[in-house]
Amino acid sequence: MSTEAVTWAMDDAPMLRTAAGKPDATARHVLQALAEHANKEGKNAHPSVTRLQYRTGYDRRTVQRALRRLEDAKLISADGTVQDRTRWRLAMNLVRPASDWDEIERAEEATRAAAAERQRRSRAKRVTAQKDVTVTHSDDVTDGDVTHSDSARHALQQRDVTHFNSARHALSAAVTTNQPSEEPPTTPMAEGGAQGADPGAGTNAPIDDDGFTLTDAMRRWALDTFGAGLNVDYETAQFVDHHRAEGNRRNNWPAEWQKWMRRSAKWASERSHRPPLRAVAGGPWQPYRNPIDPSVYENGF
């Protein structure tokens, strides 16, 4: 397997489009599987259709149609045969335009803006309308026994109140008797606001809604391709946590998972050939940062 060919197939090769203008994820997946058998110049790739079926999970006709689309787009070309198998050459000189990345960023910004608008509307629905608040007229809550006959002012400002049947001064009398006849209705926002509840809490990420699951076939593929040196469960957990945190949406989650596994195996191979860390005189250790999740340090850090 050539790192150069796999990197080109995953990142740099032009993206084919379907008739509807969507990315051709099927052809992309077959191209990536084909690149795993090529040398660093993109030549001498001759896996059987059966092998491509096994690696991609597609049926024979789907693989053959994807190969034809790749050949029509000049991304691959037939270069002879090896034991009755077609030998392919990858057009590694072709590179996808930078506008592809700009398009993805614009789509991501639009998705975030739409999510923010949905959250704003959800919060607005929780606010109680003003007309729902009970308003009581002051004449309905004034006690005649505590209102001065010589004044139109309400007893709200009067503390010197004398009981009718007692000469004792009511120093302990209530400041006011102007209480509403009924309490204003409570609302979900009023009850939950004190705790700072998030109205969007509990919603699933796209990867959860799409029902991504590590199947036995996917596990066998990883073990057959990379051996026991790759921790499938750990890498899968990292994969799910990453896309769940980012809220990403993918057309083909198994293909995205295989792409993650190839990158993890590539970085593990590179780290195994890297010289051991040395402490620089007067300076700290320089750990290697995981390119997938920059918050995770490798080599024990």
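# Cores, ring pairs and loops in a predicted model

Me: Is tryptophan 221 buried or exposed?
Reply: In this predicted model, the relative accessible area of tryptophan 221 is 2%. The cut-off for burial is under 20%, so tryptophan 221 counts as buried.

Me: What is the geometry of the aromatic pair between tryptophan 221 and tryptophan 257: stacked, tilted or edge-to-face?
Reply: The count of aromatic pairs comes to 5. In the pair of tryptophan 221 and tryptophan 257, the centres are 5.7 Å apart, with 55° between the planes. Stacked needs planes under 30 degrees apart and edge-to-face needs over 60. The pair is therefore classed as tilted.

Me: Which residues form a cluster through ring pairs?
Reply: The aromatic pairs number 5. Some of these rings are linked into a cluster, and its members are Phe212, Phe239, Trp253 and Trp260.

Me: How many residues does the second, separate core have, and how many does the largest nonpolar core have?
Reply: In the largest nonpolar core, Leu31, Leu34, Leu67, Leu70, Ile76 and Leu90 touch the most other members. Trp221, Leu230, Val232 and Trp260 are among the residues of the second, separate core. The second core has 16 residues, and the largest has 24.

Me: Which element supplies the largest share of the largest nonpolar core?
Reply: Of the 24 residues in this core, Leu31 and Leu34 are among those that touch the most other members. At least two residues each come from α1, α2, α3 (49-56), α4 (60-72) and β2. The largest share is 6 residues, and the element that supplies it is α2.

Me: Which residues does isoleucine 76 touch, not counting residues up to four places away in sequence?
Reply: Isoleucine 76 is one of the residues that touch the most other members of the largest nonpolar core. Beyond four places in sequence, isoleucine 76 touches Leu31, Leu34, Leu67, Leu70, Glu71, Trp88, Arg89 and Leu90.

Me: What is the bridge partner of threonine 81?
Reply: Strand β1 (residues 76-82) pairs with strand β2 (residues 85-90) in the antiparallel sense, over 5 bridges. The two strands form a hairpin with 2 residues between them, and glutamine 83 in the turn has a positive phi of about 55°. Within this pairing, the partner of threonine 81 in β2 is threonine 86.

Me: Which elements are included in what covers the buried residues of α1?
Reply: The residues of α1 that are buried are Ala5, Val6, Thr7, Trp8, Ala9 and Met10. The cover over them includes α2, β2 and α10.

Me: Which residue has a side chain joined to that of aspartate 24 by a polar contact of 2.7 Å?
Reply: Aspartate 24 lies in the loop between α1 (3-12) and α2 (25-35), and is buried at 7% relative accessible area. Its side chain reaches the backbone nitrogen of alanine 27 at 3.1 Å. Beyond four places in sequence, aspartate 24 is in contact with Met15, Leu16, Arg17, Thr18 and Arg69. The polar contact of 2.7 Å between side chains is with arginine 69.

Me: How far apart are the C-alpha atoms of methionine 1 and alanine 35?
Reply: Methionine 1 lies in the segment before α1 and is exposed at 66% relative accessibility. Apart from residues up to four places away in sequence, methionine 1 touches Val6, Glu36 and Ala38. Methionine 1 and alanine 35 are 34 residues apart along the chain, and their C-alpha atoms are separated by 7.6 Å.

Me: What are the phi values of asparagine 44 and lysine 74?
Reply: Asparagine 44 is in the loop between α2 and α3 and is partly exposed at 37%. Lysine 74 is in the loop between α4 and β1 and is exposed at 60%. Most residues other than glycine have a negative phi. Phi is positive in both residues: asparagine 44 is near 60°, and lysine 74 is near 70°.

How values were computed: Residues are numbered from 1 along each chain as its sequence is written. This is a predicted model: local features need pLDDT of at least 70, side-chain atom pairs count only at pLDDT 80 or more; totals for chains, interfaces and linings use all residues. Side-chain values use heavy atoms; hydrogens and water are left out. Rings of Phe, Tyr and Trp (its six-membered ring) pair if their centres lie within 6.5 Å; planes under 30 degrees apart count as stacked, over 60 as edge-to-face and the rest as tilted. Buried means under 20% relative accessible area, exposed over 50%, partly exposed in between (1.4 Å probe, protein chains only). Two strands pair if DSSP finds at least two bridges between them. Helices (H or I, at least four residues) and strands (E, at least two) are DSSP runs, numbered from the N terminus. A polar contact is a pair of N or O atoms within 3.5 Å; within protein, one must be able to donate a hydrogen and the other to accept it, and residues adjacent in sequence count only if both atoms are side-chain atoms. Contact means heavy atoms within 4.5 Å. A nonpolar core is a set of buried Ala, Val, Leu, Ile, Met, Phe, Trp, Tyr and Cys residues joined through side-chain atoms within 4.5 Å.
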